[in-house]
Amino acid sequence: MSESVLKAKSNQHNLVNYEETYQNFNWEEAKKAFSWNDTGKVNIAYEAVDRHAENPDKKDQVALHYVALDRKESLTFEQLSLKSNQFANVLKSQGIEKGDRVFLFMPRSPEFYASFFGVLKVGAIAGPLFEAFMEQAVQDRLEDSEAKMLITTPELLSRVPVKELPNLEKVVLVGEAKDISNGYVDYHKEMDQASDQFNIEWVDLEDGMLIHYTSGSTGKPKGVYHVHNAMVQHYQTGKWVLDLQEGDVYWCTADPGWVTGTSYGIFAPWLNGVTNVVVGGRFTPEAWYGALDDYNVSVWYSAPTAFRKLMSIGEETVKQFDLSSVRHILSVGEPLNPKVIYWGKKAFELRIHDTWWMTETGAQLICNYPSMDIRPGSMGKPIPGVVASIVDDQGEELPPNQMGNLAIKAGWPSMMRAIYKRPEKYESYFLNGWYVSGDSAYRDEDGYFWFQGRLDDVINTSGERVGPFEVESKLIEHEAVSEAGVIGKPDPERGEIIKAFIALNEGYEESDELLEDIRQYVKTGFAAHAAPREIEVTEAIPKTRSGKIMRRLLKSRELGLPEGDTSTLEE
Ligand code: 6R9
């Protein structure tokens with residue numbers, strides 16, 4: 001691994017000169033791309049769908065390719081526009097008004113996307129939930145948001161404690177609904193009767209659009225509240241970072257229950273008028289490579305956990321598919337290990353571009369651009385229009401190469417506008433004009449940002465600060481290791497010792513020799529103090545649905561403590 005910089009490959013990208021754009025760009029300028037700049041009328045659903053449906057050159061272009069085990073379907077921009085109009089009419093007839101919270105608890109499907117835009121078209125606020133949530137998780141979110149309506153399927157209804165939710169007036173059932181009595185609405189029946197013409201509700205740029213619940217390190221999930229204005233940044237990052245161009249076929253693997261699945265699974269591609277692929281059902285390498293191949297995907301946005309899984313399967317599987325259409329790959333959600341980038345270079349002959357942002361930030365903030373040199377392990381640089389820095393606990397900026405709080409100058413377009421009903425929680429994110437992310441990082445002399453860890457996960461062993469990610473990254477470079485999760489385990493002598501949980505690649509058996517070899521590998525290849533004193537082999541590392549290693553859970557299991565909120569745990 002001697003290369004330390006990966007150069008940009010020019011012929012397949014729209015290369016934006018980063019330094020120049022950073023100097024000259026302002027968000028006011030970006031607004032000129034939108035119809036509302038001329039008409040004064042705003043709704044993100046109009047800009048993402050109806051605008052293309054009204055354009056004779058665009059309306060018959062496929063907006064959505066949907067594929068799951070038992071279903072395959074495509075919708076043009078015009079069809080998506082008409083279907084969401086129909087659903088907007090259903091919502092109106094059921095008494096939904098501007099500002100109401102309407103939650104969606106269902107698998108990805110064409111109905112999901114039609115409903116989602118229907119909700120936005122009436123000016124209501126959408127709340128997408130992961131389909132795998134169990135009863136308590138559903139209840140917490142519907143209760144806190146005082147949702148008036150839920151759109152779900154008959155299968156998932158058993159996980160909705162309707163009687164415990166006094167604000168919930170209507171439940172729309174998508175699918176064979178048996179018992180349609182008061183309060184329940186049959187999606188297909190109502191859709192069949194609804195007009196496909198609808199006068200969209202024009203809203204204000206600062207009106208509510210979306211709530212995503214996200215777990216903190218303590219307490220109940222927080223309702224992160226976003227407004228229509230976010231579209232400016234979804235659109236612009238779609239151009240700069242996703243490099244979306246006319247004729248692209250784009251696939252973001254994220255579920256809309258996660259912010260990546262809305263900002264970049266819905267808004268960025270459709271605001272840019274690009275064909276969007278949605279793959280339902282479970283992850284298998286064959287299904288994923290198959291989707292890239294079948295739909296000739298050109299731009300692919302996924303997460304390190306998925307890349308690592310594909311990497312562990314080996315290159316033989318890759319070779320069974322024609323992936324030559326893919327020209328740009330991106331990653332988000334957790335640190336992108338250098339090893340994964342080098343694998344990507346080999347497997348796809350492409351760089352994987354890391355991007356950093358959060359539910360609270362609404363859109364990408366620190367990224368690797370197609371035009372930039374990539375330093376594997378770095379998240380890249382702030383996008384134009386965004387000022388990022390490293391600050392101390394008083395909010396004072398730190399010089400290069402010093403680790404501190406990763407912070408962003410408050411005020412970018414897609415920033416959350418509230419934590420629902422918790423103003424003091426919202427305020428607690430800001431310090432001295434900075435939005436403080438809760439991540440620790442440093443910036444090098446050339447302005448590249450390097451992620452170190454969530455602040456609450458940093459390990460202190462014998463006075464040395466160790467970021468679990470760096471140890472995990474090293475561990476998975478060992479040929480036997482496929483996944484790793486690292487925690488600090490309290491130790492009377494050292495404060496904490498490093499304990500690693502690992503999953504082994506196929507063909508490897510656990511043995512004392514192997515574990516010692518892995519330990520030595522970290523010790524000699526990374527740092528002696530960072531070598532795990534304890535290594536435990538497990539089947540799988542617990543992760544959130546968005547692919548983050550749940551170190552908190554590893555730790556409470558290790559210490560025999562209550563597991564706390566596990567609603568975002570992947571099965
Ligand atoms: C979009 C999203 C946010 C947290 C964030 C950080 C971690 C995200 C990352 C990354 C290292 C990256 N994170 N991207 N860490 N490198 N490129 O993931 O939102 O689910 O709210 O998570 O995820 O710790 O603070 P969210």
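Student: How far is the sulfur of Cys252 from the closest cysteine sulfur?
Tutor: A disulfide is a covalent bond between the sulfur atoms of two cysteines. A pair counts as one if the sulfur atoms are within 2.5 Å. The closest cysteine sulfur to that of Cys252 is in Cys367, too far for a bond, at 13 Å.

Student: What kind of model is this?
Tutor: Residues are numbered from 1 along each chain as its sequence is written, and side-chain values use heavy atoms, with hydrogens and water left out. Local features need pLDDT of at least 70, side-chain atom pairs count only at pLDDT 80 or more, and totals for chains, interfaces and linings use all residues, the model being predicted.

Student: How many disulfides does a search of the whole structure find?
Tutor: Cys367 is in no disulfide, with the nearest cysteine sulfur, that of Cys252, 13 Å away. For the whole structure, the number of disulfides found is zero.

Student: Is Cys367 buried or exposed?
Tutor: Buried means under 20% relative accessible area, exposed over 50%, and partly exposed in between, with a 1.4 Å probe and protein chains only. Cys252 has 5% and is therefore buried. Cys367 has a relative accessible area of 0%, so Cys367 is buried.

Student: How many residues of helix 10 are buried?
Tutor: Helices (H or I, at least four residues) and strands (E, at least two) are DSSP runs, numbered from the N terminus. Helix 10 covers residues 259–271 and is followed by Gly273, whose phi is positive, near 70°. The helix is mostly covered, and its count of buried residues is 13 of 13.

Student: Which residues does Leu104 contact, leaving aside its neighbours within four places in sequence?
Tutor: Leu104 is found in strand 3 (residues 101–105), and is buried, with a relative accessible area of 0%. Contact means heavy atoms within 4.5 Å. With those neighbours left aside, the residues in contact with Leu104 are Phe112, Ser115, Phe116, Ala126, Gly127, Pro128, Leu129, Leu150 and Ile151.

Student: At what angle do the axes of helix 4 and helix 6 cross?
Tutor: Axes are lines fitted to C-alpha atoms, for helices over the stretch in contact, and angles run from 0 to 180 degrees between N-to-C directions. The axes of helix 4 (residues 44–53) and helix 6 (residues 110–121) come within 9 Å, and the crossing angle is roughly 130°.

Student: Which word describes helix 16 and helix 17 relative to each other?
Tutor: Helix 16 (residues 468–477) and helix 17 (residues 512–525) have axes 9 Å apart and pack at about 120°. Angles under 35 degrees count as roughly parallel, over 145 as roughly antiparallel, 65 to 115 as roughly perpendicular and the rest as oblique. The two helices are therefore oblique.

Student: Is the crossing of helix 5 with helix 6 left-handed or right-handed?
Tutor: The axes of helix 5 (residues 77–93) and helix 6 come within 7 Å and cross at roughly 60°. A crossing is left-handed if the near helix is turned anticlockwise from the far one by less than a right angle, and right-handed if clockwise. Helix 4 passes helix 6 in a left-handed crossing, whereas the crossing of helix 5 with helix 6 is right-handed.

Student: Which residues of helix 17 does helix 16 meet?
Tutor: Helix 16 passes helix 17 in a right-handed crossing. From helix 16, the residues taking part are Val471, Lys474, Leu475 and Glu477, and those they meet in helix 17 are Ile518, Tyr521, Val522 and Gly525.
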